[in-house]
Protein chains: 2
Amino acid sequence: MKKNVLIIGAGGVAQVVAHKCAQNNDVLGDIHIASRTFSKCEAIIESVHAKDAMKVPGTLAAHEVDAMDTPAVAALIRETNVQIVINVGSAFVNMTVLDACIETGVAYIDTAIHEEQDKICETPPWYANYEWKKRDLCAQKGVTAILGAGFDPGVVNAFARFAIDEFMDEVTSIDIVDINAGSHGKYFATNFDPEINFREFTGTVYSWQNGAWQENAMFEVGRDWDLPVVGTQRAYMSGHDEVHSLSANYPQADVRFWMGFGEHYINVFTVLQNLGLLSEQPVKLADGGEVVPLKVVKACLPDPSSLAPDYTGKTCIGDLVKGTRNGEEVEVFVYNVADHEVAYAEVGSQGISYTAGVPPVAAAMLVASGEWDAKTMRNVEELDPKPFFTILDRIGLPTRVRDADGDRAWNA
Amino acid sequence: MKKNVLIIGAGGVAQVVAHKCAQNNDVLGDIHIASRTFSKCEAIIESVHAKDAMKVPGTLAAHEVDAMDTPAVAALIRETNVQIVINVGSAFVNMTVLDACIETGVAYIDTAIHEEQDKICETPPWYANYEWKKRDLCAQKGVTAILGAGFDPGVVNAFARFAIDEFMDEVTSIDIVDINAGSHGKYFATNFDPEINFREFTGTVYSWQNGAWQENAMFEVGRDWDLPVVGTQRAYMSGHDEVHSLSANYPQADVRFWMGFGEHYINVFTVLQNLGLLSEQPVKLADGGEVVPLKVVKACLPDPSSLAPDYTGKTCIGDLVKGTRNGEEVEVFVYNVADHEVAYAEVGSQGISYTAGVPPVAAAMLVASGEWDAKTMRNVEELDPKPFFTILDRIGLPTRVRDADGDRAWNA
């Protein structure tokens with residue numbers, strides 16, 4: 001039953017994935033890490049050994065690969081004899097890595113939607129632009145492909161499925177709320193690569209309401225949320241991957257995503273945006289040279305991975321799901337709270353990377369056990385959430401429920 | 001008595017200087033414009049002819065010169081047979097142009113202090129770092145050099161001298177207040193080259209108080225000023241050239257400079273400054289390239305000269321001078337109000353360039369008439385202010401006085 005894993009990518013999330021695979025290498029098997037920069041893979045391996053994270057003796061090896069090169073990824077899959085690929089590389093490599101998995105017949109897991117470098121905020125539903133076009137091929141070839149298996153998308157999709165299955169006959173709305181109430185102590189920083197991070201907020205905000213796609217501008221719609229542990233927090237309707245699959249699976253429900261932002265973040269973002277400094281189009285300098293402003297902003301901001309040692313506070317990410325049971329209105333909030341300092345102590349990463357990196361390892365373990373080995377392409381809400389929660393409880397991201405009956409573990 | 005003029009520079013201020021020289025070429029003589037970019041000189045000449053600005057038929061010619069190259073500037077002075085150089089090029093060329101004037105024995109007029117590219121906010125008094133080192137040489141050779149003859153420095157130095165001479169026995173304080181209450185209609189823009197403009201606010205703020213240099217941070221000390229025409233405006237203590245010469249000439253007085261800023265300007269400036277985007281030190285991009293962030297910000301901001309057509313509103317720049325007469329405390333505000341739309345209609349420039357470009361032409365006319373032909377180096381407060389005001393009244397920048405006796409023309 002043990003299955004060998006290839007991790008694509010060597011950033012902050014990949015580090016968490018590697019630690020968690022190592023901690024569970026009695027369920028998984030050999031662990032391989034590949035990225036364009038060999039030394040970054042080696043650094044992750046060093047950090048895994050520094051924490052003595054390997055549960056049982058086994059293989060943990062670094063490789064260099066260009067993830068945009070399908071034949072090269074396929075060759076690496078064959079050479080390393082892996083059965084599961086966890087893709088936590090840049091958002092630009094999803095399709096080339098997926099193609100390599102289909103070609104070699106191994107399972108594919110990712111945590112975010114595919115993006116093309118030169119396109120921002122494509123038309124909804126986003127998954128239909130790239131990933132879902134390969135769904136029939138996956139089914140035909142019996143290849144398991146689990147899309148968006150990070151926290152959001154990922155665990156929040158499972159939260160929605162669980163809330164609907166357990167607590168209601170009909171669902172009317174799913175509001176996903178993502179609050180980072182932590183503090184990195186810097187004037188300003190992004191938690192992921194600024195180039196990817198800002199792309200989420202520079203285009204149209206799509207939500208699914210009243211059975212149709214609705215469009216808003218970023219920071220146009222804000223709402224205060226009263227949440228467990230982190231208290232009342234303001235969040236703004238934003239575009240996000242999971243709105244696009246959940247609305248396809250639950251078209252009768254309104255599906256919205258809300259991201260928490262402080263006034264300071266919004267102010268800095270607004271200034272940069274209005275000055276054109278978040279642009280991906282090159283500008284001409286006085287000396288005739290050309291440069292992309294966003295790349296200069298990125299160079300001036302702190303490296304997201306440098307934030308981890310001083311990060312304090314907690315995240316709260318959950319789904320407020322509303323519907324009816326026996327004709328009565330019901331609502332339930334399914335959520336997780338994670339802690340930046342605890343994450344750093346365990347795997348050397350901040351809480352945002354931790355919440356993104358732990359779930360795909362749980363998914364891999366469920367593919368290894370057969371429970372999620374679907375032999376086709378699936379978004380997370382199309383899979384049984386309970387074994388997922390059971391593993392997540394054990395490996396660091398416990399699921400809780402708050403409703404009229406109180407606040408408790410999901411399986412209490 | 002007529003004297004030929006060479007204008008160094010071809011930016012927004014040079015355009016105003018050219019128009020005003022043309023309008024007064026019965027007092028001045030041939031007009032030559034030289035900059036590194038020949039086409040910019042030609043564009044200015046075209047704009048002068050478009051307004052039919054030449055008072056009498058005469059020479060108006062464009063030249064290409066590198067103002068950092070003293071022998072080249074000296075050769076151009078000889079070739080064009082000019083007797084006065086008005087230097088409104090970048091702040092980096094003062095010393096090389098001054099050297100060419102000393103070498104050829106012609107009069108030199110500038111509007112701002114010398115700066116070295118790689119130094120920001122040098123130690124006070126700033127003039128002593130560069131210009132004043134040539135004072136003895138100018139006297140020895142009988143060369144007239146008038147430093148800082150724009151509006152501020154320049155007219156405001158004459159305002160101070162006038163207030164002290166006319167209204168008091170002893171001066172106790174000189175507060176120069178510079179308010180641009182105009183609106184350019186853009187999200188954000190600087191009125192001069194952003195590289196020069198931001199340099200004024202990124203270093204230590206020096207003021208002369210209690211007989212010594214005092215240091216503050218930018219935006220640390222703010223005060224509301226009740227002013228003629230533009231009303232109550234908030235201004236912040238800033239470093240500025242004229243504080244350095246006025247404090248040497250009036251060491252018994254407190255000398256401060258106040259620049260008006262709206263909250264929006266301060267917010268944008270603060271964000272850019274805190275992110276490191278105003279830095280002149282290159283940063284390394286992800287692709288290995290290097291770029292100076294400030295140059296990228298400059299490329300993203302509107303070209304200052306593009307603001308003129310839509311600029312509305314007024315500027316108010318003046319000196320609040322306090323002292324004693326016959327043992328009684330007195331105070332007087334000497335000031336000018338200029339209008340952006342009027343300036344654009346007359347010379348095709350916005351009001352900020354207009355206030356900077358008109359005064360050096362008045363100074364040149366006084367050199368031509370002999371009244372300011374000092375045969376040595378002078379800051380403006382060391383020259384008789386009355387003939388200066390008389391010309392400024394006539395050519396577009398009238399001087400007014402407000403005190404306990406009311407608001408009136410300086411010579412009413």
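Where in chain A is the place of A:Pro153? A:Pro153 sits in the loop between β6 (145-147) and α7 (155-167) of chain A, where helices (H or I, at least four residues) and strands (E, at least two) are DSSP runs numbered from the N terminus. This is a predicted model, in which local features need pLDDT of at least 70 and side-chain atom pairs count only at pLDDT 80 or more, whereas totals for chains, interfaces and linings use all residues. Residues are numbered from 1 along each chain as its sequence is written, chains are lettered from A and ligands numbered from 1 in the order in which they are written, and side-chain values use heavy atoms, with hydrogens and water left out.

The peptide bond that leads from A:Asp152 into A:Pro153 is cis, with omega near 5°. In chain B, a cis peptide bond joins B:Asp152 and B:Pro153, with omega about 5°, and B:Pro153 lies in the loop between β6 (145-147) and α7 (155-167) of chain B. A further backbone feature is found at A:Lys375, a residue other than glycine whose phi is positive, near 60°; A:Lys375 belongs to the loop between α13 and β17 (377-379) of chain A. As background, most residues other than glycine have a negative phi, and most peptide bonds are trans.

Chain A can next be read by its domains, whose bounds come from an automatic or database domain assignment. Domain 1 comprises 3-152 + 350-395, and domain 2 comprises 155-348 + 399-409; their C-alpha centres lie 22 Å apart. The contact between them, meaning heavy atoms within 4.5 Å, takes 45 residues from domain 1 of chain A and 46 residues from domain 2 of chain A. About 3900 Å² is buried between these two domains, with carbon and sulfur atoms giving 62%, buried area being the accessible area (1.4 Å probe) that two parts lose on being put together, summed over both.

Between the two domains there are 2 salt bridges, each defined as a side-chain nitrogen of Lys or Arg within 4 Å of a carboxyl oxygen of Asp or Glu. A:Lys20 forms a salt bridge with A:Glu346, their closest N and O atoms being 2.5 Å apart. On the side of domain 1 of chain A that touches domain 2 of chain A, the elements giving two or more residues are α1 (12-23), α5 (126-129), α13 (351-369) and α14 (385-395) of chain A.

Over all chains, the structure holds 38 salt bridges. In one between A:Lys134 and A:Asp99, the side chains meet at 3.0 Å, N to O. Because A:Lys134 lies in the loop between α5 and α6 (135-141) of chain A and A:Asp99 in helix α4 (residues 94-104) of chain A, the pair ties together parts that are 35 residues apart in sequence.

Finally, the two chains meet through 24 residues of chain B in contact with 24 residues of chain A. Chain B and chain A bury about 1900 Å² between them, 81% of it on carbon and sulfur atoms; in chain B, B:Tyr187, B:Leu275 and B:Cys300 lose the most area to chain A, together 30% of what that side buries. Across this interface of chain B and chain A the rule finds 0 salt bridges. The elements α10 (263-275), β13 (283-284) and α11 (293-300) of chain B each supply at least two residues of the side of chain B that touches chain A.
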